[in-house]
Amino acid sequence: MKITLPKSLLTGLAAMETHLSKNPLDSIAWLPGQLAWLSDRGPKPKLYRAGVRSGKSLAAVAEVNWRCLGSHPFNPTIPTGRPVRCAFITSDKQAQGVQIMRLFWEMLNKEDLVEDVEFSERTGFRGHVPVVLYKNGSSVTWYSNNAGPKALQGSEYDYIQIDEPCSQELFEEARNRVRNTGGTVGITLTPLHLPVPWLQEYCQ
């Protein structure tokens with residue numbers, strides 16, 4: 001038997017498909033650990049420590065993107081109506097850094113970005129210190145872990161995302177860079193072969 005769906009339903013399904021193709025983050029069913037981290041509104045640095053391939057980097061990408069858009073589905077305290085400056089610090093392994101950039105690129109609605117943002121499968125976003133600019137004036141500056149704390153000096157950010165373990169010096173500098181803005185630092189990591197006991201006092 002052939003079933004004919006109402007035209008209004010078909011139109012709605014087509015509109016939803018179009019929306020989700022442009023906004024992949026809206027189609028994700030978040031895991032409890034991801035949701036708890038994304039919902040954290042505390043002033044202290046927030047830590048998401050979990051195993052490999054548990055969705056930590058995806059949560060980090062969503063956090064940064066939503067903050068830049070000024071609209072966060074799990075944190076209504078995120079400021080809206082003004083541009084924000086974020087920084088994303090990736091692993092010091094180039095391939096892994098490019099992988100995070102690729103995930104960020106894939107999860108974005110490209111219509112939210114200025115037209116000259118470019119992504120390369122080989123090198124990631126364009127520039128020695130890449131900056132992804134949104135049409136609303138927000139931005140994400142990308143650093144690698146091996147750049148060290150000096151790379152952040154002299155800058156100020158509303159939010160800094162650190163993906164994978166970093167040195168205590170880099171973490172302290174990141175905290176300094178958000179102090180004047182009232183911002184915070186987020187960390188997502190799997191501390192394999194690199195113990196980071198100094199994080200405990202900041203994130204508990």
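A cavity is a set of grid points where a 1.4 Å probe fits but cannot get out. This predicted model holds one cavity of 30 Å³ or more. Its strands include an open sheet of six, ordered E1-E8-E7-E2-E6-E5 with mixed pairing.

- The six strands of the open sheet follow the order E1-E8-E7-E2-E6-E5, and their pairing is mixed.
- Strand E1 (46–49) and strand E5 (131–133) form the edges, each pairing on one side only.
- From one strand to the next, the twist averages 15°.
- Strands of a sheet pair through backbone hydrogen bonds, in either a parallel or an antiparallel arrangement.

- Strand E1 is joined to strand E8 (residues 184–189) by four bridges, and the two run parallel.
- Within this pairing, Gly186 of E8 is the bridge partner of Lys46.
- The side chains of E1 alternate along the strand.
- The C-alpha atom of Arg49 is separated by 9.1 Å from that of Gly33, a residue 16 positions away along the chain.

**Strand E2 and its two neighbours**

- Strand E2 (residues 85–90) pairs with strand E7 (residues 159–163) in the parallel sense, over four bridges.
- Two opposing residues can be named in this pairing: Cys86 stands opposite Tyr159 in E7, and Ala87 stands opposite Ile160 in E7.
- Strand E2 is also joined to E6, through six bridges, and these strands run parallel.
- Here Ile89 stands opposite Tyr143 in E6.
- Five of the six residues of E2 are buried, so that the strand is mostly covered, buried meaning under 20% relative accessible area.

**Val140 in strand E6**

- Val140 is found in strand E6.
- The relative accessibility of Val140 is 0%, and the residue therefore counts as buried.
- Val140 and Cys68 lie 72 residues apart along the chain, and their C-alpha atoms are separated by 7.9 Å.

**Helix H3**

- Helix H3 (residues 56–69) has 14 residues, which should span 20 Å at 1.5 Å a residue; its end C-alpha atoms are 20 Å apart, so the two values agree.
- Of the 14 residues of H3, 13 are buried, and the helix is thus mostly covered.

**Helix H4**

- Helix H4 (residues 94–107) also comprises 14 residues. From its first C-alpha to its last it reaches 20 Å, close to the 20 Å expected at 1.5 Å a residue.
- The buried residues of H4 are Gly97, Val98, Ile100, Met101, Phe104 and Met107.
- An α-helix has 3.6 residues a turn, so residues three or four places apart point the same way.

**The enclosed cavity**

- The largest cavity has a volume of about 40 Å³.
- Its lining consists of Ile162, Glu164, Pro165, Cys166, Phe171, Ile187, Leu189, Val196, Trp198 and Leu199.
- By class, this lining contains nine nonpolar residues, no polar residues and one charged residue.

**The second largest pocket**

- The second largest pocket has a volume of about 380 Å³.
- Its lining is made up of 20 residues, and those nearest its centre are Gln94, Met101, His128, Pro130 and Ser144.
- H4 and strand E6 (139–144) are the elements that give two or more residues to this lining.
- Helix H4 gives the most to the lining of this pocket, with four residues.
- The lining residues of the second largest pocket divide into nine nonpolar, nine polar and two charged.

Definitions and conventions
Residues are numbered from 1 along each chain as its sequence is written. This is a predicted model: local features need pLDDT of at least 70, side-chain atom pairs count only at pLDDT 80 or more; totals for chains, interfaces and linings use all residues. Side-chain values use heavy atoms; hydrogens and water are left out. On a 1 Å grid over the protein atoms alone, a cavity is a set of points where a 1.4 Å probe fits but cannot get out, and a pocket is an open set with protein on both sides within 12 Å along at least five of seven lines; lining residues have an atom within 4 Å of a point. Grid points are joined across faces, edges and corners, and a volume is the space filled by probe spheres set on the points. Ala, Val, Leu, Ile, Met, Phe, Trp, Tyr, Cys and Pro count as nonpolar, Asp, Glu, Lys and Arg as charged, and the others, Gly among them, as polar. The expected span of a helix is 1.5 Å times one less than its number of residues. Buried means under 20% relative accessible area, exposed over 50%, partly exposed in between (1.4 Å probe, protein chains only). Two strands pair if DSSP finds at least two bridges between them. Axes are lines fitted to C-alpha atoms, for helices over the stretch in contact, and angles run from 0 to 180 degrees between N-to-C directions.
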